Amino acid sequence: MTNIDRPLAISAPEPRTLDLIFTDKARAELHAKYEIVEADPENIAALGDDILGRARYIIGQPPLSAETLAKMPALRSILNVESNLLNNMPYDVLFERGIHVVTTGQVFAEPVAEIGLGFALALARGIVDADVSFREGTELWGGEGNASARLIAGSDIGIVGFGDLGRALRRVLSGFRARIRVFDPWLPRSILEENSVEPASLEDVLTKSDFVFVVAAVTSENKGFLGAEAFAIMRKGAAFILLSRADVVDFDALMGAVSSGHIVAASDVYPQEPLPADHPVRKLKGFIRSAHRAGALDGAFKKMGDMVLEDMDLMDRGLPPMRCKRAERETVSRMRSKPVAVN
């Protein structure tokens, strides 16, 4: 099959790479079925009218103008493998033309949910501090080392946000017989109830939970919405676990609430990444830190490539994409999550 016979796909997956998201077998299949044109994400328009005119797919989410899209009559889908939806293309034009905008972000839901459970267990049982004390020879044995320990089993748990990650988190918590309340203003009660969680206000989630998991995406409406007042109404000693994006919280206020001893916390994300060496959170007692690694597993990245291939095959046959998650016209322009800077 010659290049002209194969559908053309523009590859601009930064900050990912094709090697990262495709297994050797899947990448060989990609190149066998499609003509792949590697491109600078910042300069798609420079590819020329022939390539733009034949492009059926874009793998990535490069900045696109309405003028560039007008030169792409064959475009069927933008397959976003970074997974944050940036406001860097005219989504209204894409929707009007029936061009699918899809993301592969759900591959991270399960690994991030699992590390969230790990954070909760570590905070509840003081696992990290106990290990440090043991290394330093200052460990407390038996009950003396459990002064602030608690069980997740039978506890009150709150989840802020209930997309793919929130649902994965509910699944990993299902064996703990906990009462799970969820705040998500973008979902109707029935969807929450069908997932065996209780719809709740944000205030109820904060005031009635022993563990609060924040998995909400950053939008134009919720940036920094969890601040000092939110942390002040949490139960004393409650655990606050941040798994989505740092911009949903006032990070200084979060550190202040932990520093005062009112709550404990864990986070995989930060206002600036990589975090400066002198950032105060690095030495904050009662705070468990992880370097944006919760979802960054090779197995998760490789699932992205499989999903992309499956959906491209469906669209080649005139069917809609089904493996990746489609962006919604009503919400896509509200997203404000920052792209991942490092893998």
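Visitor: Which strands does H12 lie across, and at about what angle does H12 run to E11?

Guide: This is a predicted model, in which local features need pLDDT of at least 70 and side-chain atom pairs count only at pLDDT 80 or more, while totals for chains, interfaces and linings use all residues. Residues are numbered from 1 along each chain as its sequence is written, and side-chain values use heavy atoms, with hydrogens and water left out. Helices (H or I, at least four residues) and strands (E, at least two) are DSSP runs numbered from the N terminus; axes are lines fitted to C-alpha atoms, for helices over the stretch in contact (heavy atoms within 4.5 Å), and angles run from 0 to 180 degrees between N-to-C directions. H12 lies across strand E10 (239-242), E11 and E12, and its angle to E11 is about 140°.

Visitor: What is the order of the strands in the open sheet?

Guide: Strands of a sheet pair through backbone hydrogen bonds, either parallel or antiparallel. Two strands count as paired here if DSSP finds at least two bridges between them. The open sheet has 7 strands with parallel pairing, in the order E8-E7-E6-E9-E10-E11-E12.

Visitor: Which strands stand at the edges of the sheet?

Guide: An edge strand has a single partner strand, so one side of it is left without a neighbour in the sheet. The strands in this position are E8 (198-199) and E12.

Visitor: Over how many bridges do E6 and E9 pair?

Guide: Val 160 stands opposite Val 214 in E9. Strand E6 (residues 156-160) and strand E9 (residues 211-214) pair in the parallel sense, and the number of bridges is 4.

Visitor: At about what angle does helix H8 run to E6?

Guide: Helix H8 (residues 164-173) lies across E6, strand E7 (179-183) and E9. Its angle to E6 is about 165°.

Visitor: Which residues form one aromatic cluster?

Guide: Rings of Phe, Tyr and Trp (its six-membered ring) pair if their centres lie within 6.5 Å; planes under 30 degrees apart count as stacked, over 60 as edge-to-face and the rest as tilted. A search of the whole structure finds 6 aromatic pairs, among them the edge-to-face pair of Phe 251 and Tyr 270, at 5.8 Å centre to centre and 65° between the planes. Phe 251 and Phe 287 form a tilted pair, at 6.1 Å and 50°. The cluster consists of Phe 251, Tyr 270 and Phe 287.

Visitor: How many residues apart in sequence are the parts tied together by Phe 251 and Phe 287?

Guide: Phe 251 counts as buried (under 20% relative accessible area; exposed is over 50%, partly exposed in between, with a 1.4 Å probe and protein chains only) at 5%. Phe 287 is buried at 3%. Phe 251 lies in helix H12 and Phe 287 in strand E12, so the pair ties together parts whose separation in sequence is 36 residues.

Visitor: Which backbone atoms lie 3.2 Å and 2.5 Å from a polar atom of the side chain of Ser 209?

Guide: Ser 209 is in the loop between helix H10 (202-207) and E9, and is buried with a relative accessible area of 0%. Leaving aside neighbours within four places in sequence, Ser 209 is in contact with residues including Asp 156 and Arg 235. At 3.2 Å from a polar atom of its side chain is the backbone nitrogen of Gly 158, and at 2.5 Å is the backbone oxygen of Val 205.

Visitor: Is Glu 229 buried or exposed?

Guide: Glu 229 lies in helix H11 (residues 228-232). At 69% relative accessibility, Glu 229 counts as exposed.

Key. Polar contact = N/O pair within 3.5 Å; in protein donor to acceptor, adjacent residues only side chain to side chain.
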